[in-house]
Structures are given as C-alpha cells and as structure tokens.
Amino acid sequence: MRFSQYYIPTLKEAPADAEVISHKLLVRAGMIRKLTSGIYTYLPLGVRALERVSRIVREEMNKAGALEIFMPTVQPSDLWEESGRWQKYGKELLRFKDRNDRDYCLGPTHEEVVTALLRGEIRSYRQMPLNVYQIQTKFRDEIRPRFGLMRGREFVMKDAYSFDCDDAGADKSYEIMYRAYENIFRRMGLKFRAVEADSGAIGGNFSHEFMVLADTGEDVIAVASDGPYAANLERAEAAWSGQEAPLSQTAYEEVHTPDCPTVEAVCRLLSVPATQIVKTMLYNADGEIVAALVRGDREVNEIKLKNLVGATELELVTAEEIATVSGGNIGSIGPVGLKVKRIFADRELLGGNDWIVGANKPDAHLLHVDFKRDAVIEAYKDLRQVQEGDPCPRGGGKLTLTRGIEVGHVFKLGLKYSEAMNAKFLDENGKEKFMVMGCYGIGISRVVAAAIEQNHDEYGIKFPPPLAPFHVSLLNLDIRSEQVNAKADEIYEFLQAEGIETLYDDRDERPGVKFKDADLIGSPIQLVVGGKGLERGIVEAKDRRTNEKIELSLENFKRNFKDWREQVWAGWGL
C-alpha cells in the first residue's frame, strides 16, 4: 500500500483527554478518532490491526472446534428477566424502548441470547458438546469511560459459549478453550499470564483471566515467586498458618484515644504496631449493614466479602449509618457491642487473642480483646487483600505483585443460565437434564491497546509482527530521483510478491517526517532507500523492536532480507 494513496492522519501531539500511552499513540498514529465519550471510529490502520487480532482468534477458535455464529446487538428485556439480570446487571446495561413501548437493551454480552437460541435447537445429548462463538460489537454504559480502547463503552469482542451434558464434559470444554487462549496470545507475540479470577456479573463458579503484562496495566496480579500460582488481586488467596490462639485470660479494658481517626494515630498514641490493631469496616450489602474485621496493616478485599455475603451491591456505609450502629465515629468502630447482625473476620485473626479495637464511642478504644470471647463473629474467612511478599497459599514461595491488562476471560458457568432459562436436553436414558455451560471472551479492540501498552517507546508503537497493520515500512527518501524511485519500486514489488504487507512511503515529504511517522506507526521492520545508500550499494534496515540498524547489501538483497527478517521475528519469540 502506498502511503500517498492511503488515509493515515498522524498527529504530532496527543489529545488532551488521552490518559494512557495506548490512547495517545492510537490517536497520534491515525488509527482511531473519538466520536463521543468512550466511543471511537476506527480508521484504516486501526481496522487492519483489529483484523489481525480477529484472524488469529478466529483461526484458533475454529481449530478448537468452535463454530462461528452472529447474534443481534439489540436484545429484548424478557430474556434478561428470565435470567434475573435485568435489574441486577446495573446501569452499565443500556436500556431503551422501541416504538411499541417494549423494553430492550444493547448487548454487553450474550449469555441470554445464546441460551434462548440453543434451548430451542438442542434436544439430545448426541448434539453436544457444542461451542459457538461470534466476533461482534458490544456496548456497556461505563460510569466513567477512560483510557481510550482500554475501557470504552463500545468495543469489539469475541464471545464463545459451550454446552455440555455434564460437569466432566464442561471441564473438558473449559480446558480446550484455556489451551486455545494460550495459543492465541502466544501467536500474537504478547507476554501474558493466565490468572485465577472472580466471575463477576457473568456468574459461574470458576474462571481465569488472561493478562497482558504491562507496567501501565490497571489490574494487579499476585504471582508466586517459585510456582505456577497466579491470581488477580480480587481473587488472590491469603495464606494462613491455621494455628488458633488459646482463649485470653485478660479482660478487655477501655482507654481514652483522643484525635485518633486512623490506625497510624492509634499506633503513635499507644506505642503499638499496626499488627496488634484490628480495623472494623462497615458495608451496606444490598441494604443490610455488615462488618468486616482485618488487621490494622491489612485491607479488606471487597470482592471476597461481597461473594461471602452473596451481595449484588456492596459499598462503604455513610457517617450517619456509622453513628446508628456504632455510636462512635469512623475511627472508633469495633466489634464488641456493635449493633450489626453479621460480623465477619479475616481468618488470620484467629491466630491472636490480644487485639486493640474501637470502643464504639468517640475517642475510645478497647485493649486485650479476644474475639472468640468478647464478640459475636459469624465466620472467619479469607477477607483480606494479599500484599507483596506474602507467602504463596499453595507452596510457591512468596507472592510478587505485578500489573497487567485483562484481554481474555474464561468462565465455568455451570447451570446458572440453563436452569434460569429452562435449557434442557434428553440424556441417553431419555431423562431431561439441564445443559452445563461455559463462556469465553476476548476483547479484540482491547488487545490492540494492550499490545501497545506492552510494546512502545518515546517515539511510538512497536507492534508485534502478527498484530502490525503492515509488516514493513518502506521509506523512499528522494521521490525526485529516478534511480531511488526505481530501486524503491523494485523492493516494493519484491515484498508484495513475497506476501509481506508493506506500507510504501512515497510521499513528497522531508526524510525526518517519514522517519517519525514510521516510528509512530510501529511496523516491525523499516527499510530505507536513499541516494547515498544506493551509491554505497546498501539499503538501511531497522528492527523497530530494538531500534537496531543494519545495512543490507543490494547484491543478493532478497536472500539477505529474508535471513534478517527471520532474525527479527525470532526476537519476538515467533
């Protein structure tokens, strides 16, 4: 493709609202343009990048036995009422009415639609296992769209759904998709990690996220220093020795703690470590106030607490609610005498019997508290967020916290949707059973952004070869020279004949402009044809990943280029 005949509106500066590097570079490289908040138009280079991702995903899904379908974006409310998600999904579900006053939504996902489809098609166990997928535009009305394609409202997604006769079959389907995802991201040339994850609004009983590792990722991952364990921060298990402390023989006592709204302030006043203090956090869980206790140097993992109490919505209580159930203020809440029916404690608190807690009155704390004796705890569970250096819960050394970007998610749904929507089949004995389901998503447009977050420098994008809109940027530095034009055209024709997709910069622009645009767009290879080089019998070649330059002799150029290109691809692990 000749640059002069293509539409690549590159920019010197990023828009003011671009927060992350992928957003800045996608706009500057002429790949996307903002239409409105969280919604973007894909320009020709952006479309090519999407197609690269989609092609790899489609090939691996087909290889894994999944069958491509295409479902409507607009979904009727009655399906979501059947599944119970019409109200539970929240405001991210964009609802609207048609001219006949019927309720619809724009699909953020398609569990309801695919279940309704196949409950009317699958009659017998002989028709399963079945896995269907689509690559389609989704819409989620994010409360605060940000980061360009990383968290937009409209996005391109691959979603697949498996249907099996039993749990054993569903486990096999899950494993097939898990391996297919590993193949997909490996083929893309991305550094990634599969991590245990929470199922969230989709539901189900087991899931993994596939994370592209990047320092700028918004997700935190806990990884074992010596073992395979990896989980996102929401799911990561906190290790505990399992040894309970004996009952304390010392009665608790109240002390005056003026001007101590924080753990740090209490530590200073009483000259104690934060590990001796217990924080009592109050949450509104679907209208009911619950309490969660963690050590003073820990933080409550709200996803773990939400799952434990079975809540749809969980948020910190207001100051007024604190006064109602505690009688104290935000710094003096404690479990002793707290007017809350459900109190949960992190399980590591079983290992102590001499805690300092709020006294449920202003400026007061209690010393020597033993929860088994002095408070009513409903359950001791893993409720805290893991921290850097914590022991791995599965014998893999210490936990290291790193960052990543979620680009794929696989779920075991079980019977969640088939039971709710009455999706049954007849087994080999003629007995009706519910289909066992799984679902598997990949953010196609998010992969493009994540690849850039992982692969860039101060000059622009460094696309992995499988995802690059063009594999080679061929720069003609002097279009007024017949000799340079002839050689550049010759090289372009050779690359085309070899099936190497090439962006041929034949514009009447200064060399500096062409170099900057080539770096910005991020083709893995740059070839530079200029008068001085031709005089010396060479073409300058640049590996965009390393920015290393070499000179390829024009004599036997075709063989020289092929050998060097293999080295460049090998540098990406391809």
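**A look inside**

Author: Cys260 counts as buried, because its relative accessibility is 9% and the limit for buried is under 20%. The model is a predicted one. Cys267 is buried too, with a relative accessible area of 14%. A disulfide needs the two sulfurs within 2.5 Å. The structure holds 0 disulfides.

Now the rings. The count comes to 15 aromatic pairs. In one of them, Trp80 and Tyr89 have ring centres 5.5 Å apart and planes at 85°, so the pair is edge-to-face. Both Trp80 and Tyr89 are buried. Phe96 and Tyr104 pair as well: their centres are 6.2 Å apart and their planes are at 20°, so this pair is stacked. Planes under 30 degrees apart count as stacked. Phe96 is partly exposed, at 31% relative accessibility. Tyr104 is buried, with a relative accessible area of 19%. Ring pairs also build a cluster, which links Tyr178, Tyr181, Phe185, Phe192 and Phe210.

Charges sit over rings in places. Arg95 lies over the face of Trp86, 4.9 Å from the ring centre. Lys416 has its charged end over the ring of Tyr417, at 5.4 Å from the centre.

The largest cavity has about 50 Å³ of space. Its lining consists of Phe3, Ser473, Leu475, Leu503, Asp505, Lys514, Asp517, Ala518 and Ile521. By class, that is 5 nonpolar, 1 polar and 3 charged residues. Strand E27 (472–476), strand E28 (502–505) and helix H14 (511–521) each supply at least two residues of this lining. H14 gives the most, with 4 residues.

The second largest cavity has a volume of about 30 Å³. Tyr40, Tyr42, Gly148, Leu149, Gly152, Glu154, Phe155 and Ser445 line this second cavity. Here the classes come to 4 nonpolar, 3 polar and 1 charged residues. Strand E2 (39–42) and strand E8 (154–164) each supply at least two residues of the lining of the second largest cavity.

Technical notes
Residues are numbered from 1 along each chain as its sequence is written. This is a predicted model: local features need pLDDT of at least 70, side-chain atom pairs count only at pLDDT 80 or more; totals for chains, interfaces and linings use all residues. Side-chain values use heavy atoms; hydrogens and water are left out. Buried means under 20% relative accessible area, exposed over 50%, partly exposed in between (1.4 Å probe, protein chains only). Rings of Phe, Tyr and Trp (its six-membered ring) pair if their centres lie within 6.5 Å; planes under 30 degrees apart count as stacked, over 60 as edge-to-face and the rest as tilted. A charge sits over a ring if NZ of Lys or CZ of Arg is within 6 Å of the ring centre and within 35 degrees of the ring normal. On a 1 Å grid over the protein atoms alone, a cavity is a set of points where a 1.4 Å probe fits but cannot get out, and a pocket is an open set with protein on both sides within 12 Å along at least five of seven lines; lining residues have an atom within 4 Å of a point. Grid points are joined across faces, edges and corners, and a volume is the space filled by probe spheres set on the points. Ala, Val, Leu, Ile, Met, Phe, Trp, Tyr, Cys and Pro count as nonpolar, Asp, Glu, Lys and Arg as charged, and the others, Gly among them, as polar.
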